[in-house]
Amino acid sequence: MAIVYAAVWGFALWLSTTVAAYANPKACSGTCVNTHDPSIIRRSDGTYFRFSTGGKIAVHTAPDITGPWTYKGAALPSGSSINLGGNQDLWAPEVVLVGNTYYLYYSVSTFGVQDSAIGVATSSGMDVGSWKDLGSTGIRSSTGKPYNAIDPNLINVDGTYYITFGSFWKDIHQVAMKSPPSAVASGVSAYQVAYDPAKTDEEGAFVFRYGSYYYLFYSKGQCCGYDANRPAAGGEYKIMVCRSASATGGFVDKSGKACTSGGGTVVLESHGNVYGPGGQGVYNDPTHGPILYYHYVDTRVGYADGQKQFGWNTIDFSSGWPVV
């Protein structure tokens, strides 16, 4: 009996240690809800901007990453000029500063279809009312393409710009952009950088350079609709990563498995009251250092898409792999 008791106690201790390995989201005040697929950027005057899916790209601002977050309005109140279904319900914004101009990339699509496009708008200061929609970047998908043209992420690699994108089908792809990065570069094609041939359920890529490596963060699993159709345990969103010495391919997970062959190391998954974290990005904060930001469901609040919370954690790269 003592041996059985010891075994049970040891398992319980292991389980509690495993669950406790993930930090809870750090402080957030003000409007922290309905924050699907957030994009975080800090203006030179110290104002934080948060852009998110829905409301024609909802814009919130705060004096600090912790808040208090205040809703300011829609980035693109007239929607997108791209002539596709979903051009009034824009998804997955990505906002970056290129020179003196802010670029807002967004997705035009409807749920579960491949007829999609990535658009772009520009602004000199990010304030509501200042964004000019430029329409399509040229990244577009339709039936028969190996990718779905949503979830854009821009990275500058020694003066060359790339957008990493994709969702389901054959997962995550990348393509070179012109400079400035408002359109796809001439004569190039998109290529695959991550793929799970068994489930094809990867999306929301974000490439971040730290030290000698480029880290490809992405979301895996079911993103949405948890109130009506919750998946089996482990089938909900989680945040994964692979890394490479190159920004344009060769990504592998912690065990060395290629990200294009189902590889991927978990960074953050459901734990405690946190359910389905994903839609992530990474930001190098002047106070906190590298942070992982994302949306999640607080099981004490509710599972509906409109109840998605804003979460963030500091990242520890000391092992060579991101730990939160």
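## Cores, rings and strands in a predicted model

I40 makes contact with Y48, F49, R50, I65, W69, Y283, Y293 and F310, when residues within four places in sequence are left aside. Apart from it lies another core, which has 19 residues, including I41, A75, L76 and V108. The structure described here is a predicted model.

**The largest core**

The largest nonpolar core has 29 residues. Those that touch the most other members are I40, I65, W69, F217 and L292. Several strands supply two or more residues each to this core: β13 (202-210), β14 (213-220), β15 (238-244), β16 (265-268), β17 (274-285), β18 (289-298) and β19. Which of these elements gives the most? The answer is β18, with five residues.

**Strands β18 and β19**

Strand β19 covers residues 309-314. β18 and β19 run antiparallel and are joined by six bridges. Within this pairing, Y296 stands opposite Q309 in β19. Is β19 enclosed or open to the outside? Five of its six residues are buried, so β19 is largely enclosed by the rest of the structure.

N313 is a residue of β19. Its relative accessibility is 2%, and because buried means under 20%, N313 counts as buried. Two polar contacts involve its side chain. In one, a polar atom of the N313 side chain lies 2.8 Å from the backbone oxygen of N24. In the other, the side chains of N313 and Y294 are joined at 2.5 Å. Not counting residues up to four places away in sequence, N313 touches A23, N24, P25, K26, P290, I291, L292, Y294 and V324. One of these, L292, is also among the residues that touch the most other members of the largest nonpolar core.

**Aromatic rings**

The model holds 14 aromatic pairs. Two of them are set out below.

| Pair | Distance between ring centres | Angle between planes | Arrangement |
|---|---|---|---|
| F51 and W131 | 5.9 Å | 90° | edge-to-face |
| Y213 and Y215 | 6.2 Å | 65° | edge-to-face |

Why are these pairs called edge-to-face? Planes over 60 degrees apart count as edge-to-face, so the 90° of F51 and W131 places that pair in this class. The 65° between Y213 and Y215 does so for that pair too.

F51 and W131 are 80 residues apart, and their pair links distant parts of the chain. F51 belongs to strand β2 (residues 48-52), whereas W131 is in the loop between β7 (116-123) and β8 (132-141). Both residues are buried.

In the other pair, Y213 counts as partly exposed at 31% relative accessibility, while Y215 counts as buried at 2%. Y213 and Y215 also belong to one aromatic cluster, together with F208, Y210, F317 and W321.

**Charges over rings**

Where does the charged end of R243 sit? The charged end of R243 is placed over the ring of Y213, 3.8 Å from its centre. The charged end of R50 sits over the ring of F310, 5.2 Å from the centre of that ring. R50 and F310 are both in contact with I40.

**The loop at G264**

G264 lies in the loop between β15 and β16. With a relative accessible area of 22%, G264 is partly exposed. Beyond its neighbours within four places in sequence, G264 is in contact with Y218, M240, V241, C242 and D253. G264 and F251 are 13 residues apart along the chain, and 9.1 Å separates their C-alpha atoms.

Technical notes. Residues are numbered from 1 along each chain as its sequence is written. This is a predicted model: local features need pLDDT of at least 70, side-chain atom pairs count only at pLDDT 80 or more; totals for chains, interfaces and linings use all residues. Side-chain values use heavy atoms; hydrogens and water are left out. Helices (H or I, at least four residues) and strands (E, at least two) are DSSP runs, numbered from the N terminus. Buried means under 20% relative accessible area, exposed over 50%, partly exposed in between (1.4 Å probe, protein chains only). A polar contact is a pair of N or O atoms within 3.5 Å; within protein, one must be able to donate a hydrogen and the other to accept it, and residues adjacent in sequence count only if both atoms are side-chain atoms. Contact means heavy atoms within 4.5 Å. A nonpolar core is a set of buried Ala, Val, Leu, Ile, Met, Phe, Trp, Tyr and Cys residues joined through side-chain atoms within 4.5 Å. Rings of Phe, Tyr and Trp (its six-membered ring) pair if their centres lie within 6.5 Å; planes under 30 degrees apart count as stacked, over 60 as edge-to-face and the rest as tilted. A charge sits over a ring if NZ of Lys or CZ of Arg is within 6 Å of the ring centre and within 35 degrees of the ring normal. Two strands pair if DSSP finds at least two bridges between them.
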